[in-house]
Amino acid sequence: MTTPYEVGVFINCPFDARYRKLFHATVFTVSDCGFQPRCALEAEDGGEERIRKIKRIIRECRYGIHDISRVEVDAKSRLPRFNMPLELGLFLGAQEYGVDEQKEKRSLVLDSVPYRYQKFCSDIAGQDIRAHGDRPVKAVGAVRAMLATALGGFRLPGPARIMERYSAFQVELPALCRETGVAIDELQFVELRALIETWIADHPVAH
Amino acid sequence: MAKKPWRTVQFSEDTGRFTRQQIADAVRVVKERSEARKKNGRRPRTAGTAGAERTDEASAPKPGDVAAAPARAKREG
């Protein structure tokens, strides 16, 4: 029997509009592979201190997907953003210093360009690091490959099949929002996740 | 030789402002409409059609396009 920890996948990535296509593709792929996507956007109004919430979610997830591609210097502040590398460090620290099931943590690190991390975060060499080129199809393939490696006794849909299903979901998403009576730009992460889970259950992979 | 089983979807407890039933109903209704359109061979109306209500497909992103629904909170990095 699987526990929530064994199926939990912590998604550590940007949440802005520019990254949205990759974020949605990642959430969909995690769900379509039978895992549970989690991220810092959960329980948005819960009042829990943000870093405390992130540490709790990391503790509750065996798997982590960390996108460190957003390292550009901000036009206004002229400084880079460090949230994703920080959370990657927390995840690797939990794996290193945690006990029991925390030791079983597995990570996938994503960047936009191959080997670029060597110039700004070379200490992560040796992790499972893949480039997505800002393309959902590449992100789907990388996430699916990581989760497939983690599974021994189950079959997963292939990356092309997942991408096809994700595209079909995206086509129906505006109508799903209208049916549930929520503006599409106000859809919360947990609502998106619930819609994806239900859509997947209602559109089983053809055997 | 028997094939390995498929992974089944994991349902999360938190469904936000919706009930699980509301979500299930929405998915079912949209799926039925979508299948009916395919069956009838109808092409979706375009968003530019004067006076026409936008159809699901017309207002939807094309496969592979930028997803349309952001989560509430945003983070740039």
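Arg38(A), Glu42(A), Arg56(A), Glu60(A) and Arg193(A) are joined in a network of salt bridges, a salt bridge being a side-chain nitrogen of Lys or Arg within 4 Å of a carboxyl oxygen of Asp or Glu. This is a predicted model, in which local features need pLDDT of at least 70 and side-chain atom pairs count only at pLDDT 80 or more, while totals for chains, interfaces and linings use all residues. Residues are numbered from 1 along each chain as its sequence is written, chains are lettered from A and ligands numbered from 1 in the order in which they are written, and side-chain values use heavy atoms, with hydrogens and water left out.

Over all chains, the structure holds 15 salt bridges. Side chains of opposite charge can pair when their charged atoms come close. One of the pairs is Arg70(A) with Asp16(A), at 2.4 Å from N to O. Helices (H or I, at least four residues) and strands (E, at least two) are DSSP runs, numbered from the N terminus. Both Arg70(A) and Asp16(A) are buried; buried means under 20% relative accessible area, exposed over 50%, and partly exposed in between (1.4 Å probe, protein chains only).

Another salt bridge pairs Glu197(A) with Arg20(B), whose closest N and O atoms are 3.8 Å apart. This pair crosses between chains, from helix H8 (residues 189-202) of chain A to helix H1 (residues 20-40) of chain B. Glu197(A) is buried, at 0% relative accessibility, whereas Arg20(B) is partly exposed, at 27%.

Within helix H1 of chain B, Asp25(B) and Arg28(B) lie three residues apart, about one turn of the helix. Their side chains meet in a salt bridge of 3.4 Å, N to O. An α-helix has 3.6 residues a turn, so residues three or four places apart point the same way. Asp25(B) is partly exposed, with a relative accessible area of 29%, and Arg28(B) is partly exposed at 38%.

The nonpolar residues come next. A nonpolar core is a set of buried Ala, Val, Leu, Ile, Met, Phe, Trp, Tyr and Cys residues joined through side-chain atoms within 4.5 Å. The largest such core has 60 residues, and those with the most contacts inside it are Phe23(A), Phe35(A), Leu147(A) and Phe169(A). Contact means heavy atoms within 4.5 Å. Leaving aside residues up to four places away in sequence, Phe35(A) touches residues of chain A including Val9(A), Tyr63(A) and Leu147(A), as well as Arg7(B) and Gln10(B). Another core, of six residues, lies apart from the largest one and includes Leu88(A), Val109(A), Tyr117(A) and Cys121(A).

Leu88(A) is also one of the buried residues of H4(A), along with Met84(A), Glu87(A), Phe91(A), Gly93(A) and Ala94(A). These residues pack against strand S1 (8-12), helix H3 (50-59), strand S3 (63-67) and strand S4 (106-111) of chain A.
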